[in-house]
Amino acid sequence: MSKLVIVESPTKVKSVQKYLGKDYTVMASMGHIRDLPKSKLGVDIENGFKPQYINMAEKKELIKSLKTAAANSDEVYLATDPDREGEAISWHLAQILALDLNDKNRIAFNEITESGIKAGIASPHKIDLNLVDAQQARRVLDRIVGYKLSPFLWKKVKSGLSAGRVQTVALRLIVEREREIEKFVSEEYWSIDAKLTKSRKNFFAKLFGTADGKKIDTIPDGESAKKIVDSLENAEYKVTELKKGTRNKQPVPPFITSTLQQEASRKLGFTGQRTMRIAQQLYEGVDVPGYGTVGLITYMRTDSLRISEEARSAATRYITERYGANYLPKTPRYFKTKSGAQDAHEAIRPTIINITPEIASSALTAEQYKLYKLIWERFIASLMAACVQNTVSVGITAGDYLFKASGYSVKFDGFTVLYVEGKDEDGEDESSLPDMQVGDVLKLKELSPNQHFTQPPARYTEPTLIKALDENGIGRPSTYAPIISNILQRDYIEREKKSLKPTQLGTVVVDLITEYFKKIVDVKFTANLEQQLDKIGSGDINWVDTISDFYKDFDALYKKAESSMDGKRVKVPEVETDVVCDKCGRKMVIKSGRFGKFLACPGYPDCKNTKPLPEDEVKQPCPKCGAKLVKRISKKGKKFYGCSNYPQCDFASPGVPTGEICKECGSYIISGLRGRKYCMNSDCPTRAKGKTKEKK
């Protein structure tokens, strides 16, 4: 019998085909094959919100090939990704290929390994129409909001803007945080540190309170701090309290989608989108010497902390052999998945424990190696023994005041021998203290009053925003990366070092939508809607009723907004700079165009002078005409270097020209990532010779 298996990604085909053998033909759908039309709403609101799906034009030949292959096969299995979206793609495939929805033709691979693939093929089931409905509901909701609000923004703010049910809530969080920062009034306060020594070892103790143990909440100013310091001029520093103990520091759980994106940002500097792209590659399969093509990690879109007993046993054996039995906890550690999680898949873990990062390194690119190492170490560490620390807390009396110091030493390193979680913010580190006893008199080396000012809440970074979205139940793990990427590309926010800061445009968009659609972009309302989508997926509620309830409120708000804003437009404030227009003398403002931000004269159209932003200028001149080169951003968000004399000069390059000429073809030598030099001519023979896989 001939059997056809359809997966989503073409990179999976080779891995799946290898394990299934010659009786199976494996093809890829290349993602979605049907979708709502781009040119119109594509949802029949009057008739039960019925989606009007069409075959994607660019998939015409692929659909024809899939139909032919299905017609020539005795059995067809749909093996799209094991999530809601994958279920919907399988449903679309079944519609196009005229498959019976009552047949058990849906299979799922949680991991692209021999055991994972054979387990999937051995357990076919019907397409889960509840999951399909949940995905349809999300798609229809997003389409209604996007196709109604976006044109509203075009008419009231500027053309080309977009609004989304979830992305606008994320943007609102960033804007509201910025407002908190702007309104924050900093207050002065002081602290006093004593640098002390015992047995030739220096350490610091902080002023805690009075000698009778009453805490001093604040020292408001320098004068108050000076009075305390003066009163301690001849004081004796004596140890009056000493507490010793031990504490166990437990490892963090293995990764789920949100925590993987957060940690990859903290430790590797990866964006959420980059993390998910690399994780997809690791899941789909890599050719590892000695193992063949194998998926290195389990499915990476998950909110579950569940671990298979098979994987747990394999990790236990590895820990015992590599570190010893004392590095295992006394009882196996199980992690509790948070309430509301779908729990459809395991936590993200390596599929084969014995493929260590070192063994896999020769088969991986630098970024693949870094992410796999992070996933592998986090998983192994999560099942290891706790780190045991000896703790000590010391109270030191000086005159009428009490100072305190605390510290720890590692008694048993446990899981920390392998992995320690990164932090979003720097905290105060405990230091090692000298051995002390009650009654010991310490020598004062220095008494330091320190001025401080209260700090506003920190701006969101990518990991802290993902954490906030996750904690508030906004969106789903697979949506976090696209949300951030989208609001960056739309110029609603910008990066300032690692922080995410709203632009004037982003602030205007949030204010306008919040004024007229406050309920729709409310955090709790959006989270509740996500819970309703989950209930649709479990078959507890009807998707059409859910959309209908939402639309009644939304449509009423939309009509009111249209009426209230009739004939009105909102102006986006321009950011004025100190750069003076060399043609008319006005101060230039920052504007955005197809190639990113630039300086423009506010006197337009009388004065049409423009300039690149100073930080975007490149020292190396254009090799074609000698004008200045500037950093640009393409429509797809990719950086390149172009001539400031455009369109008169059309020079554009993915790297910075070095001034050298290629001896092979006469084109320009450019400098790319990590300073690697290469010819910018993609057809140059040197490019073909130099196409080697980047290693760690």
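Which helix does valine 229 lie in? Select residues 222-231 and you have the answer: valine 229 belongs to helix α7. Helices here are DSSP runs of H or I with at least four residues, strands are E runs of at least two, and both are numbered from the N terminus.

Before going on, a word on what you have open: this is a predicted model, where local features need pLDDT of at least 70, side-chain atom pairs count only at pLDDT 80 or more, and totals for chains, interfaces and linings use all residues. Residues are numbered from 1 along each chain as its sequence is written, and side-chain values use heavy atoms, with hydrogens and water left out.

**Stop one: around valine 229**

Setting aside neighbours within four places in sequence, valine 229 touches Ile192, Leu447 and Pro449, a contact being heavy atoms within 4.5 Å.

**Stop two: two packed helices**

Now pick α6 (residues 167-183) and α14 (residues 480-489), which pack at about 70° with their axes 10 Å apart. The axes are lines fitted to C-alpha atoms over the stretch in contact, and angles run from 0 to 180 degrees between N-to-C directions. That makes α6 roughly perpendicular to α14 (the label covers 65 to 115 degrees; under 35 is roughly parallel, over 145 roughly antiparallel, the rest oblique). Show side chains for Gln167, Ala170 and Ile174 on α6, and Ile483, Asn486 and Ile487 on α14, to see who makes the contact.

Jump to the open sheet with strand order β26-β27-β28 and antiparallel pairing; strands pair if DSSP finds at least two bridges between them. β26 (656-661) and β28 (677-679) are the edges, each with a single partner strand, so one side of each has no neighbour in the sheet. On average, neighbouring strands are turned by 35° against each other, direction ignored. Zoom in on β27 (residues 668-671), which pairs with β28 over three bridges; serine 671 has lysine 677 of β28 as its bridge partner.
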